[in-house]
Amino acid sequence: MSGSTRTMTGLTVGGLVVATAYSVALGGDPWVWLTWVVVALVTAAMVVTTRG
């Protein structure tokens, strides 16, 4: 895995923690989770393309 893919993976995991904390503290917001899902999909695409 390249450095940029590792960074993106770290940011995605960090984003999951932030989204979860936000939902627990202030209630669920669909836009927060939609944004996180989009970032997770981009990260998954980066992982797949760097392995191939």
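**Exercise 1. The surroundings of Thr50**

Identify the residues with which Thr50 is in contact, leaving aside its neighbours within four places in sequence.

*Solution.* Step 1: with those neighbours left aside, Thr50 is in contact with Ser2 and Thr5, where contact means heavy atoms within 4.5 Å. The structure is a predicted model, in which local features need pLDDT of at least 70 and side-chain atom pairs count only at pLDDT 80 or more, whereas totals for chains, interfaces and linings use all residues. Residues are numbered from 1 along each chain as its sequence is written, and side-chain values use heavy atoms, with hydrogens and water left out.

Step 1: Thr50 has its place in helix H2. Helices (H or I, at least four residues) and strands (E, at least two) are DSSP runs, numbered from the N terminus.

Step 2: the C-alpha atoms of Thr50 and Met1 are 6.7 Å apart in space, although 49 residues separate them in sequence.

Step 3: a polar atom of the Thr50 side chain lies 3.1 Å from the backbone oxygen of Val47.

Step 4: Thr50 is classed as partly exposed because its relative accessible area is 41%. The classes are buried (under 20%), exposed (over 50%) and partly exposed in between, with a 1.4 Å probe and protein chains only.

**Exercise 2. Two polar contacts**

State which side chain makes a polar contact with the side chain of Thr43, and which makes one with the side chain of Ser23.

*Solution.* Step 1: the Thr43 side chain makes a polar contact with that of Thr12, at 2.6 Å. A polar contact is a pair of N or O atoms within 3.5 Å; within protein, one must be able to donate a hydrogen and the other to accept it, and residues adjacent in sequence count only if both atoms are side-chain atoms.

Step 1: beyond four places in sequence, Thr43 is in contact with Met8, Thr9 and Thr12. Thr43 lies in helix H2 and is buried, because its relative accessible area is 7%.

Step 2: the Ser23 side chain makes a polar contact with the side chain of Trp33, at 2.9 Å. Ser23 lies in helix H1, which covers residues 3-26, and touches Gly28 and Trp33 when residues up to four places away are not counted. With a relative accessibility of 18%, Ser23 counts as buried.

**Exercise 3. The chain as a whole**

Describe the secondary structure of the protein chain, its dimensions and its burial.

*Solution.* Step 1: the chain has 2 helices and 0 strands.

Step 1: its C-alpha atoms fill a box of roughly 40 × 15 × 10 Å along the principal axes.

Step 2: buried residues make up 13% of the 52 residues.
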